[in-house]
Amino acid sequence: MSGVDTAVYFVFLSTVLSILVLYGIILLPVLLPLAATEKRVYVTNSTSEGTFNELDKLSMGHVKEKSPRLWAFLIATYWVSFVTYFLLWKAYKHVSGLRAKALMSPEAKAEQFAVLVRDIPPPPEGQTIKEQVDSYFKSIYPETFYRSMVVTNNKEVNKIYEELEGYKKKLARAEAIYTKSKELGKPEGSRPSMRTGFLGLIGKEVDSIEYFNEKIKELVPKLEAAQKVTLREKQLRSALIFFNSRVAAASASQSLHAQMVDKWTVTEAPEPRQLLWSNLKVKFFERVIRQYVIYIIVALTILFYMIPIGLISALTTLDNLKKFLPFLKPIINIDAIKIVLEAYLPQIALIVFLALLPKLLLFLSKAEGIPSVSHAVRATSGKYFYFTVLNVFLGVTIGGTLFRTFKKIQKDPNSLVDLLGNGLPGNATFFLTFVALKFFVGYGLELSRLVPLIIYHLKRKYLCKTEAELKEAWAPGDFGYATRVPGDMLIITIVLCYSVIAPLIIPFGVVYFGLGWLVLRNQALKVFVPSFESYGKMWPHMHTRILASLLLFQITMLGFFGLKKFYYTPFLIPLPIISLIFVYVCWKKFYRSFHNTPLEVACHELKEVPNMEQIFRSFIPPSLNSEKADDEQFEDALSQVSRMGSFA
């Protein structure tokens, strides 16, 4: 009901939930008693401070060095790994089936009949880009080529179009105000007026309805003239090519069309609503350079953010707050407030800090020259994942340890590795409460949608005058995969990495994903409206990042067993190798069918003959769309070839 991307996201939630439940069934009844019954005079590896000291006895840190009990933790590491492999393999097959079923739909989808062509070489003298594109594809696909649409520089026409649409909205608003005045006041009503100067505050006072009508009459011919100029004189070396069959389009998108890799680059076309038109003109090598520059900027951003996040983890403890903000002592010393602050203060600071990042990463992803919104969201999700794992997980773990033990490191630099290893369980409680805060507060706000509700009612009371404005204010948006998926991935990473060291975190992970499945199912069916459909292309990235978290867990366990001086630690060495092989096998077996549409999928019959003219026109940008279906002004940029071959 909510699209393939949403269905795939729920496969992800249910898969992770199944993985964590299977972890818990074995690890909780086996590892917790083993850790709790270990006899020790004192605890050296504290998992917490203050009110949470009793949790120390339930962690791997409580087990003595070289203890035979460590065998159980080593076997548990293998259990965690193989459960993850098995369920991820099943999920990949299931998602592949979902994607194939959606692409085999008998309904005609516009993007399945089109390909995107970039890096078109300069046309020969005396030939336009339009003519060059038509002749090139007509010669390669004489039977299936329908027509082409050359991408144009729409900057000027977009500006006029947006101005025109703005005046249309203002006119509708003024008319709504006038209609309402008839109901509330005199039968003839009072016509709204405005000033023509800056922000409607200065200048000559005029009748709003007449003024907006005049402006619209001025802009309509101006827009038509700009459309003609744009389509004839501002063609770019990029185009959309339309075929009269899904198989031909799928085949073309997977074929090498030119000898040189930077000429005639052909890929699958995204949905019309997804196209980032300004990025289509970016050339091949410019895209490569941009990509590397963005990677460097993101790497620097991660390093830059590491400093404040490390400071947050070190400074947002009660002892440091008392030290640096002594005026807070009377408040902090109240028992009820002390318990809440000790449990949640660092986590709240961290969540607020992370909220500032997503828009920057989305902007950087679009700057790479990516052609579609869904691709930009996937790229943003990847950047945000690496940011959260490197900064939140490793940053908090290492940062907190470094600040606590800085003086020891100064005296004995060689103790750094031991101190970091011993400090790893010391953040178990931080992350346990972090996960709890995410599902208690996060899903509570998600289900109530309190903030959007308040904003909507404020807009409805003071800003919205027309039905269109009300509809726009009420629009709930989509899932926001760019931040939601990395947020979930961070929880997976935390729970995975602490699943054996501190198994008590597993029930918190189960509650997070179980509650998430229930709450978000309601949101998917009754609230969110998808803004794009990529037929599950996010899945390979989700799958790979879960395995990246598993690899991090395996390396962490290798290091921690080494610090426990367990003789059989080398038994864990095969696990990271198996994980890398598993990633490689999955990538080779499944990924290609997510990157391209398989021809056996594309060849399924359609319910009815597609209306090719309608498919073609669905890709025309709104600013260039003429209300006259056969307006000759479009003929220079919209193909003249194959009009007679239309199935309309």
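## Basis

The model is predicted: local features need pLDDT of at least 70, side-chain atom pairs count only at pLDDT 80 or more, and totals for chains, interfaces and linings use all residues. Residues are numbered from 1 along each chain as its sequence is written, and side-chain values use heavy atoms, with hydrogens and water left out.

Helices (H or I, at least four residues) and strands (E, at least two) are DSSP runs, numbered from the N terminus.

## Aromatic pairs

The whole structure holds 39 aromatic pairs. A pair needs ring centres within 6.5 Å, for Phe, Tyr and the six-membered ring of Trp. Planes under 30 degrees apart count as stacked, over 60 as edge-to-face and the rest as tilted.

Take tryptophan 89 and phenylalanine 590. Their ring centres lie 5.2 Å apart with planes at 70°, so this pair is edge-to-face. Burial is set by relative accessible area: buried is under 20%, exposed over 50%, and partly exposed in between (1.4 Å probe, protein chains only). Tryptophan 89 has 27% relative accessibility, so it counts as partly exposed. Phenylalanine 590 has 7%, so it counts as buried.

Phenylalanine 242 belongs to strand β5 (residues 235–243). Phenylalanine 619 lies in the segment after α23 (612–617). The pair therefore ties together parts that are 377 residues apart in sequence. Both residues are buried.

## Cluster and charges over rings

Ring pairs join Tyr78, Phe82, Tyr85, Trp89, Tyr92, Trp539, Phe582, Phe590 and Phe594 into a cluster. One of these rings also has a charged neighbour: lysine 589 lies over the face of phenylalanine 590, at 5.7 Å from the ring centre. The criterion is NZ of Lys or CZ of Arg within 6 Å of the ring centre and within 35 degrees of the ring normal. Arginine 147 meets it as well. Its charged end sits over the ring of phenylalanine 616, 3.8 Å from the centre.

## The sheet around β5

Four strands form an open sheet, in the order β2-β5-β1-β6, with antiparallel pairing. Strands pair if DSSP finds at least two bridges between them. The edges are β2 and β6 (265–268), each of which pairs on one side only. Neighbouring strands are turned by 25° against each other on average, direction ignored. Strands of a sheet pair through backbone hydrogen bonds, either parallel or antiparallel.

β5 is mostly covered, with eight of its nine residues buried. Strand β2 (residues 145–152) runs antiparallel to β5 and is joined to it by six bridges. Here phenylalanine 145 has phenylalanine 243 as its bridge partner in β5. Strand β1 (residues 114–118) also pairs with β5 in the antiparallel sense, over four bridges. Alanine 114 has phenylalanine 242 as its bridge partner in β5.

Axes are lines fitted to C-alpha atoms, for helices over the stretch in contact; angles run from 0 to 180 degrees between N-to-C directions. Under 35 degrees counts as roughly parallel, over 145 as roughly antiparallel, 65 to 115 as roughly perpendicular and the rest as oblique. A crossing is left-handed if the near helix is turned anticlockwise from the far one by less than a right angle, and right-handed if clockwise.

The axes of helix α1 (residues 4–36) and α2 come within 10 Å and cross at roughly 165°. The two helices are therefore roughly antiparallel. Their crossing is right-handed. The axes of α1 and α19 come within 9 Å and cross at roughly 155°. That makes this pair roughly antiparallel as well. Here the crossing is left-handed.

## Two buried sites

Tyrosine 384 lies in helix α12 (residues 373–404). Its relative accessible area is 7%, so it is buried. Its C-alpha atom is 6.0 Å from that of proline 486, 102 residues apart along the chain.

Serine 534 lies in the loop between α19 (505–526) and α20 (539–563). Serine 534 is buried, with a relative accessible area of 7%. The C-alpha atoms of serine 534 and valine 373 are separated by 9.5 Å, at 161 residues apart along the chain.
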